[in-house]
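Visitor: Please walk me through this one, and tell me what each term rests on as we go.

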Amino acid sequence: MNQKAATAAGAGAGGSDTAAPPAPDVREAHAHPKDRLLRSDRLPHIWCPTCGIGTCVSSFVEAIEESGIPEERFAVVSGIGCTGRVAGYVNLDSFHTTHGRAIPFATGLHLANPKLKVVVFSGDGDLVAIGGNHLIHAARRNIDITIICVNNFIYGMTGGQLAPTTPHGARTTTSPYGNSEYPFNVPHLVASCGATYVARWTALHVRRMKQAMVAALSHRGFSFIEVIAPCSTLYARKNRLGTGTDLMKFYHDNCEVRHGANTAEIDIGFQEKIVVGKFVDIEKPTFLDRMGANLAQRRGR
Ligand SMILES: Cc1ncc(C[n+]2csc(CCOP(=O)(O)OP(=O)(O)O)c2C)c(N)n1
Ligand code: SF4
Ligand SMILES: [Mg+2]
């Protein structure tokens, strides 16, 4: 037994006259101010260094605090993907559902208990590709839920394949010669379907993103925030866009804040200007408002 171990063993057995100081609580010593809203026992998280998803989560937990909505009223729903892991890291009632089905799951929660503040936090593939049909119908019905869509321009979790959000010309693992398709302009898609709050920010705009989240959480009706955060590992590498810092510099130099912009004019081209801002913020009866009014009318009340 070496000297150190012998001393420790002696102290532990009560054989020393100097009591050992209590072991420091490492978790407490390293407590983060947002730990209350995060499942820190699940950390470290799976996200790559410089990925924008973590930044969105940070803005989201700040928005929850700032919204004044009691935490027990929140329900967070995610689908499958890198972004889909958000549900597992927030210390709220949360649900990690199947790929593309976060919106119907969230709709069910909302209809069963309209007092809940149901938030869908998921990726572009989950919401706009496999889940696209659910997205357009939830927007059309003005279901009172909030959607936060991290658009990283690809399917991140499965290896960086082409998504319906990949900019024209961009390289992905399944488009080595560049994407020949037209991508969705997601804010325009949801706005045309009937979304009543629509905004777009990037992972650089942490404060604006948080403010948009606070606004979306207090909005009655279908609110949608697109956060542009190109996958810094797969998309950036395939397209030789540099490091996470280079991506941030790109947003800084190429984003144009244009509140109220016509969503038809905010397509995202490969390495072109990105229009950000709040595009839609209107009041309109929600799905449940319309259903209630319709039933009351039929019953003659
Ligand atoms: C029904 C079904 N189809 C396909 C998959 C495989 N899959 C898992 S995540 C994913 C795409 C993820 O892309 P996105 O939603 O954009 O999330 P990201 O990882 O980019 O954040 C796919 C195709 C699956 N899990 N389930
Ligand atoms: S693979 Fe891309 S999207 Fe997924 S965690 Fe890494 S950087 Fe983020
Ligand atoms: Mg994606």
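Guide: Let me start with contact: two residues are in contact if their C-beta atoms, placed from the backbone, lie within 7 Å. Helices (H or I, at least four residues) and strands (E, at least two) are DSSP runs, numbered from the N terminus. This is a predicted model, in which local features need pLDDT of at least 70 and side-chain atom pairs count only at pLDDT 80 or more, while totals for chains, interfaces and linings use all residues. Residues are numbered from 1 along each chain as its sequence is written, and chains are lettered from A and ligands numbered from 1 in the order in which they are written.

Visitor: Which residues of α5 meet which residues of α7?

Guide: On the α5 side they are Ile103, Pro104 and Thr107, and on the α7 side His134, Leu135 and Ala138. Helix α5 covers residues 102-112 and helix α7 residues 132-141; their axes are 8 Å apart and meet at an angle of about 40°. Axes here are lines fitted to C-alpha atoms, for helices over the stretch in contact, with angles from 0 to 180 degrees between N-to-C directions.

Visitor: What makes up the contact of α5 with α7 by class?

Guide: There are 4 nonpolar, 2 polar and no charged residues. Ala, Val, Leu, Ile, Met, Phe, Trp, Tyr, Cys and Pro count as nonpolar, Asp, Glu, Lys and Arg as charged, and the others, Gly among them, as polar.

Visitor: What is the order of the strands in the open sheet?

Guide: The 8 strands run β2-β1-β3-β4-β8-β7-β10-β9, with mixed pairing. What makes β2 and β9 (255-257) edge strands is that each pairs on one side only. Neighbouring strands are turned by 20° against each other on average, direction ignored. Within the sheet, strands β7 (residues 197-202) and β8 (residues 223-228) pair in the parallel sense over 6 bridges, and Trp201 has Val227 as its bridge partner in β8.

Visitor: Which helices lie across these strands?

Guide: One of them is α3, which lies across β1, β4 and β8 at about 160° to β4. Another is helix α9 (residues 206-218), which lies across β3, β4, β7, β8 and β10 (274-281) and runs at about 160° to β7.

Visitor: How many residues are in the largest nonpolar core?

Guide: It has 76 residues, and Cys56, Ile148 and Val227 have the most contacts inside it. Such a core is a set of buried Ala, Val, Leu, Ile, Met, Phe, Trp, Tyr and Cys residues joined through C-beta atoms within 7 Å. Helix α3 (residues 53-67) gives the largest share of this core, 7 residues. Leaving out residues up to four places away in sequence, Ile148 touches Cys56, Phe60, Val119, Phe121, Met213, Ile225 and Val227.

Visitor: Finally, which residues come nearest to ligand 1?

Guide: Of the 17 residues around ligand 1, these are Gly81, His99, Gly123, Gly125 and Gly156. A residue belongs here if its C-beta atom, placed from the backbone, lies within 6 Å of the molecule. This shell has 7 nonpolar, 8 polar and 2 charged residues, and α6 gives the largest share, 3 residues. The shell around ligand 2 has 8 nonpolar, 4 polar and no charged residues; among them are Trp47, Cys48, Asn152 and Thr233.

How values were computed
A residue is buried if 20 or more other C-beta atoms lie within 10 Å of its own, exposed if 12 or fewer, and partly exposed in between; C-beta atoms are placed from the backbone. Two strands pair if DSSP finds at least two bridges between them.
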